[in-house]
Amino acid sequence: SNSLGQSMTVFFGYGRVSTNTQFTDNQRVELAQGGYPIPDEFWFSDRGVSGKTCATQRPEFSNLLTRIRSGETLVVAKLDRLGRDAVDVMQTIRLLGDRNVKVVVLQLGSTDLTSAAGKLLLTMLAAVAEMERDLLVERTQAGLQRAKAQGKKLGRPAKTTDVQRQSIRDDLKTGVSVSQMARRYSVSRATVIGIRDRSTC
């Protein structure tokens, strides 16, 4: 390529959707509208890849990592495209920063996340994410306490009644097999074994 091409910043784009029925086109359009039109050769997208998968284990993202060079910039529409959680996002950005690759997330403006300002922004976001998780845990615990206080039974509904459980224990003691009891009560062998083992408590 010519010297002009060398001096111009090269932008790589990455998109991800969780299912094969979705497309990443709208993420690419979003980037273009945000001032980052990505040419085909620099656009990478993972389809049918869950957000729970670490960024570096996604096929197209790994492919992008082998192609992107020092001084180039990776642009994504949203922060969650870069990893499955705050820790994964941080690691991905650190990995790119160590290679002198800039990272821009459209939803956060044009700040390069590998810069000092970007790192500060990420630290704040991670703290907020942690706080949200803690609040969620607190709310869940409070909800469980409330339900218990109201006398609600928590957990999955029992597959057998107290009477049936007692009769299963009695029959097992007389030598009836676990499989026979499972068939008789239309439950799994594991359920019968659980009933048998709980009787020792």
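Q: At what angle do the axes of H6 and H8 cross?
A: The axes of helix H6 (residues 162-173) and helix H8 (residues 189-198) cross at roughly 85 degrees and come within 9 Å. Axes are lines fitted to C-alpha atoms, for helices over the stretch in contact, and angles run from 0 to 180 degrees between N-to-C directions. H6 and H8 are therefore roughly perpendicular to each other (angles under 35 degrees count as roughly parallel, over 145 as roughly antiparallel, 65 to 115 as roughly perpendicular and the rest as oblique). Helices (H or I, at least four residues) and strands (E, at least two) are DSSP runs, numbered from the N terminus.

Q: Which residues make that contact?
A: H6 contributes Arg165, Ile168, Arg169 and Leu172, and H8 contributes Val192, Ile195 and Arg196. Contact here means heavy atoms within 4.5 Å. By class, the contact of H6 with H8 has 4 nonpolar, no polar and 3 charged residues (Ala, Val, Leu, Ile, Met, Phe, Trp, Tyr, Cys and Pro count as nonpolar, Asp, Glu, Lys and Arg as charged, and the others, Gly among them, as polar).

Q: What kind of model is this, and which conventions apply?
A: This is a predicted model, in which local features need pLDDT of at least 70 and side-chain atom pairs count only at pLDDT 80 or more, while totals for chains, interfaces and linings use all residues. Residues are numbered from 1 along each chain as its sequence is written, and side-chain values use heavy atoms, with hydrogens and water left out.

Q: On to the sheet: in what order do the strands run?
A: The order is E2-E1-E3-E4, an open sheet of 4 strands with parallel pairing. Two strands pair if DSSP finds at least two bridges between them. Strand E2 (43-47) and E4 each have a single partner strand and stand at the edges, so one side of each is left without a neighbour in the sheet. From one strand to the next, the twist averages 20 degrees.

Q: Which helices lie on it?
A: Helix H2 (residues 25-33) packs on the sheet and touches E1, E2 and E3, its direction making about 145 degrees with that of E1. Helix H3 (residues 59-67) lies across E1, E2 and E3 and runs at about 160 degrees to E2.

Q: Is E1 enclosed or open, and why?
A: E1 is largely enclosed by the rest of the structure, because 6 of its 7 residues are buried. Buried means under 20% relative accessible area, exposed over 50%, and partly exposed in between (1.4 Å probe, protein chains only).

Q: How many bridges link E1 and E2?
A: E1 and E2 pair in the parallel sense over 5 bridges. Gly13 has Trp43 as its bridge partner in E2, and the chain crosses from E1 through H2 to E2 in a right-handed β-α-β crossover. Such a crossover is right-handed if, with the strands pointing away from the viewer, the path from the first strand over the helix to the second runs clockwise.

Q: And what of E3?
A: Strand E1 (residues 11-17) pairs with E3 in the parallel sense over 3 bridges. Phe11 is partnered by Thr73 in E3, and Gly13 stands opposite Val75. E3 also pairs with strand E4 (residues 102-105), in the parallel sense over 4 bridges, with Val75 opposite Val104. E3, helix H4 (residues 86-98) and E4 make a right-handed β-α-β unit.

Q: Thr73: buried or exposed?
A: Thr73, which is found in strand E3 (residues 73-76), is buried, with a relative accessible area of 4%. Leaving aside neighbours within four places in sequence, Thr73 is in contact with Thr9, Val10, Phe11, Phe12, Ile68, Lys102 and Val104.

Q: Which way do the E3 residues point?
A: Thr73 and Val75 point one way and Leu74 and Val76 the other, and all are buried. In a regular strand the side chains alternate between the two faces of the sheet.

Q: Different topic: which loop residues have positive phi?
A: Asn100 is one of them, with phi near 65 degrees. Asn100 is in the loop between H4 and E4 and, at 47% relative accessibility, counts as partly exposed. Ser186 has a positive phi of about 50 degrees although it is not a glycine. Ser186 is in the loop between helix H7 (178-184) and H8 and is exposed, with a relative accessible area of 66%.
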